[in-house]
Every structure is written in C-alpha cells, then in structure tokens.
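The sequence and the structure are shown first, and the description follows.

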Amino acid sequence: MAQLLITEDYLKKTTVIGDNVDMKILTPVIEWVQDIYILPLLGADLYDEIITQSTPTTTLTAANSTLLNSYILKAMRFYILAESVRTFKYRYTNQGIMIGTSQNGTAIPYDEMEALIDEWKSKAETYGELMINYIYDNQASYPAYWTLSGVYRERPRATAYDSPISFFSGTKREGPNDSGDYRYKHGWTKRI
C-alpha cells in the first residue's frame, strides 16, 4: 500500500464524509488523488521528498510541514470528495454493480452528481493554485520543486486548474535575469 498523506481522522473531521464510511473504500481514492492530482502539482522530486518525510520514522521539514498542512491536505480533501462521489453511488458486488440506496433517502440524479463533482474539483484546484503561488513566493524553501532528477520524472504543472484554455495572468515570475527581464511561466518579458 502506498504512503498516504492524509489520515482517516483528518479526512472525516474536515469533510462531509461520515464516520461510518469504511476506509477500505476510500484508500484507493486517496491513492488516486495523490498520484493523479498532487504528484503533478508538486513534481516528482518535491512529492517524493514529502512522501519520504511523512513516514513514521522521519519528520517533515518546517517548510514541507507548512506546505502539507496549509495547502496539500486542503486540496486533497476536496479532490477526494470529488473522486469519491461515484465510488459512494455505485457498489460493486458479486451480483453486479448496484446503485447505493437507503431507507432514509434516494440516490442523487446524474446531473446533480456531476455538478457536485465540479464544485469539489473547483475548490481543490483553488487550493492547488494557492499552493503553487506559495511555492513561487518561497522558492528558496523548496529547491526540489525546481529540480528534476531523471529523464522520465514528472515535472510540476504550471497551474492547478484543469482547463484546456490558459488564462495566464502574468503573476508568477522568476528573475530578473542579467538584462533585467522577468521570466514568467510562459517565457521572458521585458521589465516596464
């Protein structure tokens, strides 16, 4: 089993997931969220550093602890909510795939389910974008974000938003270089 960044206690205390939900159902969702959403936001080197420091025998650095507690966990809880909606709706049994029902309620309609997923993902992406901004504002504290060891390692994504259209605001920058120009994520621009 993969090293999980989020605990059952944190997840159930900070989300609408009930205390009676079996973690056996949520563990694959948590692993998926870490691999598909968090790893690309952090890049392989910083992600591996945080995973390694999150083991019971080691301690997170102060910078990584801030990143984990203030941004990663908050983004993860909303990604987990989004990704678990279908998991909770559909049950896999030896008789087939069933829609979960209850004596006290009815299953959510498909269009409402999709709207709920979009809402949770939007919240998660907002925390992801705040995390990227925080890393850019504290570049010296996160050297692993800027490195890439190995050819086939995951590089950090430029944005947390999952949109085919780029709405570049020009707020993330590095520099200035020797000419006094600033490097934005999408290239160099002259200082005004």
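## Helix α3 and what covers it

In this predicted model, the buried residues of helix α3 are Ala-44, Asp-45, Leu-46, Tyr-47, Ile-50, Ile-51 and Gln-53, so that 7 of the 10 residues of α3 are buried and the helix is mostly covered. The cover over these buried residues includes α2, α4, α5 and α6.

One of the buried residues, Asp-45, has its place in helix α3 and counts as buried because its relative accessibility is 11%, under the 20% that sets the limit for burial. The C-alpha atom of Asp-45 is separated by 5.4 Å from that of Ala-144, although the two residues are 99 residues apart along the chain.

## The packing of α3 against α4

The axes of α3 and α4 come within 11 Å and cross at roughly 100°, and the two helices are therefore roughly perpendicular to each other, since angles of 65 to 115 degrees are placed in that class. On the α3 side the contact is made by Leu-46, Glu-49, Ile-50 and Gln-53, and on the α4 side by Asn-64, Leu-67 and Ile-72. Sorted by class, the residues of this contact are 4 nonpolar, 2 polar and 1 charged.

The loop between α3 and α4 holds Thr-58, which counts as partly exposed because its relative accessibility is 36%. When residues up to four places away in sequence are not counted, Thr-58 touches Thr-52 and Gln-53; Gln-53 is also one of the α3 residues in the contact with α4 and is listed among the buried residues of α3.

The crossing of α4 and α5 is left-handed, and the contact of α4 with α5 has 19 nonpolar, 2 polar and 9 charged residues.

With α2 the arrangement is as follows. Helix α2, residues 23–42, packs with helix α5, residues 110–137, at an angle of about 20°, and their axes are 10 Å apart, which makes α2 roughly parallel to α5. The crossing in which α2 passes α5 is right-handed. Tyr-37, Leu-41 and Leu-42 of α2 make this contact with Lys-121, Gly-128, Met-131, Ile-132 and Ile-135 of α5, and these residues divide into 6 nonpolar, 1 polar and 1 charged.

Another residue of helix α5 is Thr-126, which is partly exposed, with a relative accessible area of 35%. Thr-126 and Tyr-161 lie 35 residues apart in sequence, while their C-alpha atoms are 7.6 Å apart in space.

## The largest nonpolar core

The largest nonpolar core has 47 residues, of which Ile-30, Leu-42, Leu-46, Leu-67, Ile-72, Met-76 and Ile-80 touch the most other members. At least two residues of this core are supplied by each of α2, α3 (44–53), α4 (62–89), α5 and α6 (143–146), and the largest share, 14 residues, comes from α4.

Ile-80, one of the core residues that touch the most other members, is in contact with Ile-6, Leu-11, Ile-17, Leu-26, Val-29, Ile-30 and Val-33, not counting residues up to four places away in sequence.

## The chain as a whole

The chain has 6 helices and 5 strands, and from the N terminus on its elements run α-α-α-α-β-β-α-α-β-β-β. Of its 192 residues, 36% count as buried. Among contacts between residues at least 6 apart in sequence, 66% join residues at least 24 apart.

Notes. Residues are numbered from 1 along each chain as its sequence is written. This is a predicted model: local features need pLDDT of at least 70, side-chain atom pairs count only at pLDDT 80 or more; totals for chains, interfaces and linings use all residues. Side-chain values use heavy atoms; hydrogens and water are left out. Axes are lines fitted to C-alpha atoms, for helices over the stretch in contact, and angles run from 0 to 180 degrees between N-to-C directions. Helices (H or I, at least four residues) and strands (E, at least two) are DSSP runs, numbered from the N terminus. Angles under 35 degrees count as roughly parallel, over 145 as roughly antiparallel, 65 to 115 as roughly perpendicular and the rest as oblique. A crossing is left-handed if the near helix is turned anticlockwise from the far one by less than a right angle, and right-handed if clockwise. Contact means heavy atoms within 4.5 Å. Ala, Val, Leu, Ile, Met, Phe, Trp, Tyr, Cys and Pro count as nonpolar, Asp, Glu, Lys and Arg as charged, and the others, Gly among them, as polar. A nonpolar core is a set of buried Ala, Val, Leu, Ile, Met, Phe, Trp, Tyr and Cys residues joined through side-chain atoms within 4.5 Å. Buried means under 20% relative accessible area, exposed over 50%, partly exposed in between (1.4 Å probe, protein chains only).
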